[in-house]
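Let's take a walk through this one together, chain by chain. Keep the viewer open and follow along as the elements come up.

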Amino acid sequence: MSALNISKGASSHSAYELRDSHSQTIESHTLAILVDNESGVLARVIGLFSGRGYNIESLTVAEVDHADHRSRITVVTTGTPAVIEQIKAQLGRIVPVHEVHDLTVEGPSVQRELALFKVVGKGDARIEALRLCEIFRANVVDSTLQSFVFELTGTPEKIDAFGDLMRPLGLRELARTGVAALARGA
Amino acid sequence: MNKSLTTPDLNMMTGAQMILRALKEHGVEVIFGYPGGAVLPIYDEIFQQNDIKHILVRHEQGAVHMAEGYARSTGKPGVVLVTSGPGATNAVTGLVDALMDSIPLIVISGQVPTFMIGTDGFQEADTVGITRPCTKHNWLVKDTADLATTIHKAFHVATTGRPGPVLIDVPKDVQFATALYSPLENLPTQRYAPKLAGDTEAIEAMVVFMETAERPVFYTGGGVINSGPKACALLRELVAETGFPITSTLMGLGAYPASGDAWLGMLGMHGLYEANLAMHGCDVMINIGARFDDRITGRIPDFSPFSKKIHVDIDASSINKVIPVEVPILGDVAHVLEQALTLWRARGSKVNRAGLAAWWAQINEWRAVKCLSYKPSAKTIKPQYALERLEALTKGKDRYITTEVGQHQMWAAQYLGFENPNRWMTSGGLGTMGYGLPASIGVQVAHPDALVINVAGEASWLMNMQEMGTAMQFRAPVKQFILNNERLGMVRQWQELLHGERYSQSWSESLPDFVKLAEAFGCKGIRCSEPALLDDAIQEMLDYDGPVIFDCLVEKHENCFPMIPSGKPHNEMLLGDADTQGVIGAKGAVLV
């Protein structure tokens with residue numbers, strides 16, 4: 001065998017995931033981190049990102065298994081391939097972290113985000129906002145004679161697009177949950 | 001009063017009792033600590049028992065460094081007890097030091113009672129928040145029923161995988177409250193269990209490289225020592241049977257004996273010429289338990305440009321962090337070395353003999369440069385000479401050396417030879433001035449009859465000199481061998497080389513009289529300034545039954561060579577003052 005041709009394992013804790021570490025291309029990756037829901041665990045994870053100078057584009061966290069006290073943290077991060085590998089290795093050595101999955105490389109995944117848009121306006125702008133809401137399949141969850149609150153679920157790109165359209169129509173406030181993501185298939 | 005009479009179940013006890021019980025269950029013999037309001041219940045329990053010895057320090061930083069010295073010289077975790085607020089914050093430097101150098105420590109801190117947390121109470125600090133990035137893991141225990149289990153987990157985490165410091169923050173009401181003690185045997189199997197054996201295919205790749213390499217080098221680090229005596233024994237077998245040259249980081253000294261034929265000496269910024277050139281020129285580098293620290297690599301793009309690299313490490317995040325390698329092997333050093341040796345022997349113990357002979361001929365040419373030679377003096381004591389004499393006069397003794405941080409530390413690493421692991425305690429990753437004196441006390445506590453010497457600089461030594469009180473109180477006969485150049489020597493050296501000889505704030509003004517200081521502490525003080533008198537003075541220090549402060553007045557402007565300047569590769573080393581003109585560019589100057 002060629003000594004250079006060693007297999008690259010699939011485990012997220014493996015050091016063998018040696019992709020081209022010289023590449024300087026900045027990539028965006030979605031990581032799913034399964035952790036014990038113990039005091040300070042979120043601070044540990046985000047402290048790792050700030051302490052080592054990594055980026056957080058989006059962060060979502062909630063307990064997903066009440067009986068086992070397990071939480072799922074979804075982080076969208078950016079970096080060169082070497083930095084992404086380092087982030088995963090660093091996350092893997094935090095004691096309450098059970099699993100680290102890179103949904104960007106482990107196969108197809110679904111990514112969804114929920115956002116609430118408060119749009120204030122009158123006349124044609126108000127009618128246009130409501131029309132776009134229907135096109136985007138957003139829901140109206142609050143309305144007054146001057147305002148709407150739209151609820152929209154979708155990919156971050158779809159939320160961005162809807163936000164861009166609402167801005168000239170009187171977008172006053174925007175709240176986004178950050179990305180939740182799961183691998184497709186069984 | 002015997003509390004067991006009032007409670008029917010012997011396992012019902014207070015949190016403070018649980019702490020002592022759990023420490024005993026883990027075989028703890030000694031605690032380094034300092035009392036205060038938030039740990040009074042624990043100190044009350046310490047008073048009422050005789051199994052665990054308590055070493056009263058003079059400052060909490062000293063307690064942590066002592067525990068580090070204890071841990072590194074025994075392989076067992078060190079235990080520290082401090083109070084809330086300032087007690088915990090004073091321990092922080094030691095925690096980071098232990099984290100950087102992978103030293104197993106259990107630090108127990110007191111905390112204000114749970115109902116006062118968050119009220120800015122007296123001596124309240126967010127200890128778990130402050131120490132989160134300074135520890136391998138930490139816990140705030142809010143319920144006495146969880147306390148024993150948390151301590152068991154803490155020992156597991158501190159000593160499993162890559163070792164490190166952990167902290168348990170215990171509010172005072174949790175120490176007073178009563179609950180059922182959960183013994184170690186009830187601890188469920190812990191999920192935290194880093195992989196020990198290396199991947200078979202990767203081991204095979206390593207063996208193939210070993211069989212074919214023309215210019216191999218073993219580059220070993222603290223991971224070998226942390227893995228244990230078996231790892232060191234296997235490393236020695238591997239080196240003896242392959243005949244490959246071996247170098248080591250500062251942290252790994254002693255894993256392979258300095259008297260061994262294949263020993264090249266330490267590598268890195270102040271490493272030996274032959275070690276660094278072997279790293280630069282090798283075709284196969286076998287990194288065993290080292291982490292490509294910036295003190296080792298120099299300029300990254302020029303680091304060992306012709307080699308295929310194998311990296312054995314128990315921490316996945318150390319692999320490919322700085323230097324991409326061809327063969328990553330995730331696992332424990334002893335396990336991996338055993339696997340590699342077994343496979344390599346089974347395949348016929350092959351090496352490239354012709355290549356190796358030429359490689360050794362080249363290395364011997366580099367050795368002939370004698371990079372550690374220095375200009376001797378009959379008038380002033382050269383620091384290198386002082387260490388050569390210390391080495392000569394302590395040869396053959398079971399000797400433990402600690403150091404502070406700076407020039408003296410590098411000279412000690414260069415001029416003292418270490419034959420065995422766990423005999424060399426120095427602050428490598430964090431570079432903590434003030435480490436050596438308390439660490440020497442921790443070593444002496446673990447090995448009461450051994451010769452323990454702290455090689456120090458006068459500036460570093462002053463940072464924790466209060467701990468001489470601890471040495472006196474507990475009759476720890478530590479020898480403080482201070483190379484006194486009345487300068488912050490390494491800072492001065494960098495200012496000379498990088499900052500136009502503008503020696504900003506780098507001299508030691510108003511130094512104490514170290515001999516009188518020794519008398520004030522009640523120990524022996526020795527001063528020596530003449531090379532001709534040095535041997536007798538060192539012998540006097542060694543013969544004295546008790547702590548000694550040795551004020552060795554050395555040449556004030558000596559620089560530490562060899563040196564790889566910041567931002568330079570291994571093959572651009574400076575060997576002496578004549579080499580230093582204009583060597584460091586503006587880019588190098590921004591590096592540390």
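Before any counting, a word on terms: helices (H or I, at least four residues) and strands (E, at least two) are DSSP runs, numbered from the N terminus. With that in hand, chain A has four helices and nine strands. Bear in mind that what you're looking at is a predicted model.

Let's stay with chain A for a moment. Its elements come along the sequence in the pattern β-α-β-β-α-β-β-α-β-β-α-β-β. Of the 186 residues in chain A, 30% are buried. If you take the contacts in chain A with a separation of 6 or more, 72% of them are between residues 24 or more positions apart.

Now over to chain B, starting with a pair of helices. In general, two packed helices are described by the angle between their axes and the distance between the axes. Helix 2 (residues 15-25) of chain B packs against helix 8 (residues 147-159) of chain B at an angle of about 30 degrees, and their axes are 9 Å apart. Since angles under 35 degrees count as roughly parallel, helix 2 of chain B is roughly parallel to helix 8 of chain B. The two cross in a right-handed way. On the helix 2 side of chain B, the contact is made by Gly15(B), Met18(B), Ile19(B) and Ala22(B), while helix 8 of chain B brings Leu147(B), Ala148(B), Ile151(B) and His152(B). Sorted by class, this contact of helix 2 with helix 8 of chain B has six nonpolar residues, two polar ones and no charged ones.

Next stop, a sheet. Chain B holds an open sheet of six strands in the order 11-10-9-12-13-14, with parallel pairing. Its edges are strand 11 (263-266) and strand 14 (327-330) of chain B, each of which pairs on one side only. From one strand to the next, the twist averages 15 degrees. Zoom in on one end: strand 10 (residues 246-248) of chain B pairs with strand 11 of chain B in the parallel sense over two bridges. There, Ser248(B) stands opposite Met266(B) of strand 11 of chain B. Packed on the sheet is helix 13 (residues 273-281) of chain B, which touches strand 9 (216-220), strand 10, strand 11 and strand 12 (284-288) of chain B. The direction of helix 13 makes about 105 degrees with that of strand 11 of chain B.

Helix 13 of chain B has a helical partner too. It packs with helix 16 (residues 353-367) of chain B at an angle of about 145 degrees, the axes being 8 Å apart. This crossing of helix 13 and helix 16 of chain B is right-handed. Tyr273(B), Glu274(B), Leu277(B) and Ala278(B) of helix 13 of chain B meet Ile363(B), Trp366(B) and Arg367(B) of helix 16 of chain B. That contact of helix 13 with helix 16 of chain B divides into five nonpolar, no polar and two charged residues.

Finally, how many residues of strand 20 (residues 548-553) of chain B are buried? Five of the six are, so strand 20 of chain B is largely enclosed by the rest of the structure. Strand 18 (residues 479-484) of chain B pairs with strand 20 of chain B in the parallel sense over six bridges, and strand 19 (residues 524-528) of chain B runs parallel to strand 20 of chain B, joined by five bridges. Val548(B) in strand 20 of chain B is the bridge partner of Lys479(B) and also of Lys524(B).

Key. Residues numbered from 1 in each chain as written. Chains lettered and ligands numbered in written order. Predicted model: local features only at pLDDT ≥ 70, side-chain atom pairs only at ≥ 80, totals over all residues. Axes fitted to C-alpha atoms, helices over the stretch in contact; angles between N-to-C directions. Parallel < 35°, antiparallel > 145°, perpendicular 65-115°, else oblique. Left-handed = near helix turned anticlockwise from the far one by under 90°. Contact = placed C-beta atoms within 7 Å. Nonpolar A, V, L, I, M, F, W, Y, C, P; charged D, E, K, R; others polar. Pairing = 2+ DSSP bridges. Buried ≥ 20, exposed ≤ 12 C-beta atoms within 10 Å, placed from the backbone.
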